[in-house]
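Below is a report on the fold, the helix packing and a few local backbone features of one protein model. The sequence and structure come first.

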Amino acid sequence: MRCSMSGERECCAPRSTCPRSKRIDSASQSACVARLKQIAMGIARTIEDGKVEISEIIIAGDTPGLEWRLPVFRFTGTRPEAPRTYIQAALHANELPGTALLHFLVERLRQAESEGAILGDITVVPQANPIGSAQTHFGELQGRFDLGTRTNFNRDFPLITLGERAGLIEDLDRHSAIDRLKRQLLHKALSCDLVLDLHCDDEGLQYAYIDEAFWPEAADLAAALGMDAVFLSDGESSAFEEAVAYAWKCENTGEKKALRDRLSVTVELRGTRDVYPEMARKDAEGLYSFLAARGVVAADRASLPAFGGVVAPLDNIEMIRAPEAGAILFHKDIGERIKTGDLLATILTRPGMPDGAVEVRAPQDGLIVTRVSTRIARRRSDLMKIACAEPSRAIRRPGTLEP
Ligand SMILES: [Zn+2]
């Protein structure tokens, strides 16, 4: 039967007090009123399972009958001075290596909780974008851009100061579903010190975008996850990770001090198809090692090896583009170190014709970090990202490498 207050089919009071009784008692009604208030704030009930607090962010849809829900796991630390951590995955809804990683990380954190090893609060959102997850177009998941607005799900986060955090979730009714989602996620992240946004590339090595303001302190994360490369970003975009850093920077204008002991980063966990149980378990262990090194969880051995991968500012990333349209024949793969002039790909612009192929060669020495998975190119479409020692001659606009 429906609750007379909230209209919910199943009363939201604890089952012990409201086992779908024929009559909703006053305790249940007050619980429903509380739930209505929570829904207005976009927060669902909390379930304690003994080791982890599980709640839901509720996003009202922009059309009648729609409501999005995303679970939030929260482990409470025993030391108030320990760093607070926020980790989310699949903001680009088709990028699931992070979701797999977080499944195993939560399992590991439950075990840590039972051992009394959780020192700092940890919030985990394994699948941060149910709106994107539901978008299919002619049978293909469209997880990167909001189909309604053509906006990248990882752009246009509000650039606010840390002091304005509370305002993110005030009057949410004034905002569309996707903006509500962004505000809720950013609001949660800004209560923390360490913020990790887990993504992946198309075909790629493991790498990260790290604001140069956090480097080299963040080398521990790169080492813990065994990254092959780090791209140092300029903090000039409205991506989630940079909106977090922006708020911190505003806290103490012009001072790196505000960022000491903090970290906000976009981790690229290889390619979209790199979703495997053992890989995810290994990545979860790596992330746990990072949390141990930062004092978020207790561990017997908290030291990490030195980071030995490539470090390149965004200006040093060669975005290799197709000069013309056609079928792509790659001659080089991710992980290969290439020399200036090496043949990277052949584009079959006019198949069968004597002059029907165009060569794409390396502009300078470097490490191939990513490659597209499609084998058909449009003119000027991206083919590869190559991390190099010298700045690219191509002009790069401030902010992200890709729209
Ligand atoms: Zn992404």
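Arg270 is buried, with 22 other C-beta atoms within 10 Å; a residue counts as buried if 20 or more other C-beta atoms lie within 10 Å of its own, as exposed if 12 or fewer, and as partly exposed in between, with C-beta atoms placed from the backbone. The model is a predicted one, in which local features need pLDDT of at least 70, side-chain atom pairs count only at pLDDT 80 or more, and totals for chains, interfaces and linings use all residues. Residues are numbered from 1 along each chain as its sequence is written.

Arg270 is part of strand S14, and its phi is positive, near 65°, in a residue other than glycine. Asp171 also has a positive phi, near 50°. Asp171 sits in the loop between strand S9 (151–152) and H4 and is exposed, with 7 other C-beta atoms within 10 Å. Most residues other than glycine have a negative phi, and most peptide bonds are trans. A cis peptide bond, with omega about 10°, joins Trp215 and Pro216. Pro216 belongs to the loop between S12 and helix H5 (219–224).

**Overall make-up**

The protein has seven helices and 23 strands. Helices (H or I, at least four residues) and strands (E, at least two) are DSSP runs, numbered from the N terminus. Of its 403 residues, 44% count as buried. Among contacts with a separation of 6 or more, 67% are between residues 24 or more positions apart; two residues are in contact if their C-beta atoms, placed from the backbone, lie within 7 Å.

**Sheets**

Ten strands make up an open sheet with mixed pairing, in the order S1-S2-S3-S5-S4-S10-S14-S12-S13-S15. Strands S1 (47–48) and S15 (310–313) are at the edges, each with a single partner strand, so one side of each has no neighbour in the sheet. Two strands pair if DSSP finds at least two bridges between them. S1 and strand S2 (residues 53–60) are antiparallel and share two bridges, and Glu48 stands opposite Glu53 in S2.

Strand S17 (residues 326–330) runs antiparallel to S22, joined by two bridges, and Gly326 has Ala377 as its bridge partner in S22.

**Helices on the sheet and against each other**

Helix H4 (residues 177–189) lies across S2, strand S3 (67–75), strand S4 (85–89), strand S5 (122–125) and strand S10 (194–201), at about 150° to S2. Helix H6 (residues 240–251) lies across S10, strand S12 (206–211) and strand S14 (263–271), at about 170° to S14. Axes are lines fitted to C-alpha atoms, for helices over the stretch in contact, and angles run from 0 to 180 degrees between N-to-C directions.

| Helix pair | Axes come within | Crossing angle |
|---|---|---|
| H4 and H6 | 10 Å | roughly 50° |
| H2 (residues 97–114) and H7 (residues 277–293) | 8 Å | roughly 60° |

H4 is therefore oblique to H6, and H2 and H7 are likewise oblique to each other. Angles under 35 degrees count as roughly parallel, over 145 as roughly antiparallel, 65 to 115 as roughly perpendicular and the rest as oblique.

The H4 and H6 crossing is right-handed; a crossing is right-handed if the near helix is turned clockwise from the far one by less than a right angle, and left-handed if anticlockwise. H4 contributes Leu185, Leu186 and Ala189 to the contact, and H6 contributes Phe240, Ala243 and Val244. These are six nonpolar residues, with no polar and no charged ones. Ala, Val, Leu, Ile, Met, Phe, Trp, Tyr, Cys and Pro count as nonpolar, Asp, Glu, Lys and Arg as charged, and the others, Gly among them, as polar.

H2 also passes H7 in a right-handed crossing. On the H2 side the contact involves Pro97, Ala100, Leu101, His103, Phe104, Leu105 and Arg108, which meet Ala280, Arg281, Asp283, Ala284, Leu287 and Tyr288 in H7. This contact has nine nonpolar, one polar and three charged residues.

**Ser289**

Ser289 lies in helix H7 and counts as buried, with 22 C-beta neighbours inside 10 Å. Beyond its neighbours within four places in sequence, Ser289 is in contact with Ala224 and Leu304. Ala224 is 65 residues away along the chain, and the C-alpha atoms of Ser289 and Ala224 are 6.1 Å apart.
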